[in-house]
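Let's take a friendly walk through this structure, one step at a time. Have the sequence and the 3D view ready beside you.

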2 protein chains.
Amino acid sequence: MRISELSKRANVPLTAVKYYQREGLLPEGMRSAPNQVDYGDAHVQRVRLIRALLQTGGLSIAATKAVVAALDVPGAPLAETFEVAQHAMSTPRTTESTPSEESRDRIVAITRSHGWHISVENPGISAAARALDGLLAIRFDPPDSYLGAYADAAATVAAADLRALDDRGTLDEVAELMVVGTVLGDPLFAGLRRLAHEDATHTRPPTSDTNRAQS
Amino acid sequence: MRISELSKRANVPLTAVKYYQREGLLPEGMRSAPNQVDYGDAHVQRVRLIRALLQTGGLSIAATKAVVAALDVPGAPLAETFEVAQHAMSTPRTTESTPSEESRDRIVAITRSHGWHISVENPGISAAARALDGLLAIRFDPPDSYLGAYADAAATVAAADLRALDDRGTLDEVAELMVVGTVLGDPLFAGLRRLAHEDATHTRPPTSDTNRAQS
């Protein structure tokens, strides 16, 4: 198919498709005639994937390129593909500060108390520790039960993420879901958390509001 | 204190503090002499908060301004403060597409099956639906058990978020945690999810790998 058809079938504007191509995110099409390049179904999928990573996942062009490149290594070990996705997602959007040692230690302690096997290089430690630093900045020192609830929730989601991989037929499809699921699981959870907040606020017993000290 | 002391005590570079001031994010200090402005402890807290919202939360200047303004309305109803935080966080970082009606319906259906009371204006619906669209783009149509696990996890976290509010003394502190917790809970969870992924990959029974079809 021509590039206009590719744009239509992926439901992504033509200017965006040309942009992806210029940035080296999209594999070249087959040259079928001196002035004609032909694209296949794999290109349609790839364009949709790039769109989702950039827009919904909020990845940078560089991070998207790293993710897409990882998917294109034939027969790459799954654990490696997962690692690339993890690091791509933790590519800072702005210049991010180094989290405090205390917060890093606290996050590692919570994972230990949950019996998790993790490596100190996992970028999740810094990401969680930076968030913890932000909470401490407003003098909220979360109790273990608070961080424990977050870790419980993370384990629930991670188990569902892993189970979903079993239904994918080919290793390529497994790798694709690993990467895209790692990126898009965050906004999926964030959206549902907003909804759960609304529900929890409504169903909250009114006593806890009247008991609270007035400022 | 002078602005240089404010910068030191908040542990935020002086150029950043001046930038917050220029952008109208920081309340003015007291003019104590013709050439001297005096800042108090409230300014230190505010500078730390702005830093956390911008850097770790990834909010835009405009969204941060909305959040900070909501905190400064004396005696604002809590539900309203929560709403501002929710909308600020869903301010799109890039131009975001409208999610498909099918995905919106699917997200609403999951909340209904969990018995949640939510309004159709909650920005969480679009955020989650857009992520779902991205998953569908790689031909992963998540089963109800997958979305259900995410909703369960969101409910666990939301309950912990609400419980944390009870320990805050004043209404100002409650509002502050509502807003900052809404924003920073996302990266806290995302970091822990990366760690849970690593653990789940390690503890995964090796049989599921050998059973999988090769590409």
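A residue is called buried when its relative accessible area is under 20%, and exposed when that value is over 50%. Please keep in mind as we go that this is a predicted model.

B:Thr111 sits in helix H6 of that chain, which covers residues 101–113. Its relative accessibility is 0%, so B:Thr111 counts as buried. What is B:Thr111 in contact with, leaving aside its neighbours within four places in sequence? The partners are B:Trp116 and B:Ile118 from its own chain, together with A:Leu195 from chain A.

That last partner brings us to how the chains are arranged.

Now turn to helix H7 of chain A, residues 123–137. From first C-alpha to last, its 15 residues reach 22 Å, close to the expected 21 Å. At its start, a side-chain oxygen of A:Asn122 comes to within 2.8 Å of the backbone nitrogen of A:Gly124. Twelve of the 15 residues of H7(A) are buried, so this helix is largely enclosed by the rest of the structure. Among them are A:Ile125, A:Leu132 and A:Leu135, and also A:Arg130. Just after H7(A), A:Arg139 adopts a positive phi of about 55°.

Definitions and conventions
Residues numbered from 1 in each chain as written. Chains lettered and ligands numbered in written order. Predicted model: local features only at pLDDT ≥ 70, side-chain atom pairs only at ≥ 80, totals over all residues. Heavy atoms only, no water. Helix = DSSP H or I, 4+ residues; strand = E, 2+ residues; numbered from the N terminus. Expected span 1.5 Å × (residues − 1). Buried < 20%, exposed > 50% of the residue type's maximum accessible area, 1.4 Å probe, protein only. Polar contact = N/O pair within 3.5 Å; in protein donor to acceptor, adjacent residues only side chain to side chain. Contact = heavy atoms within 4.5 Å.
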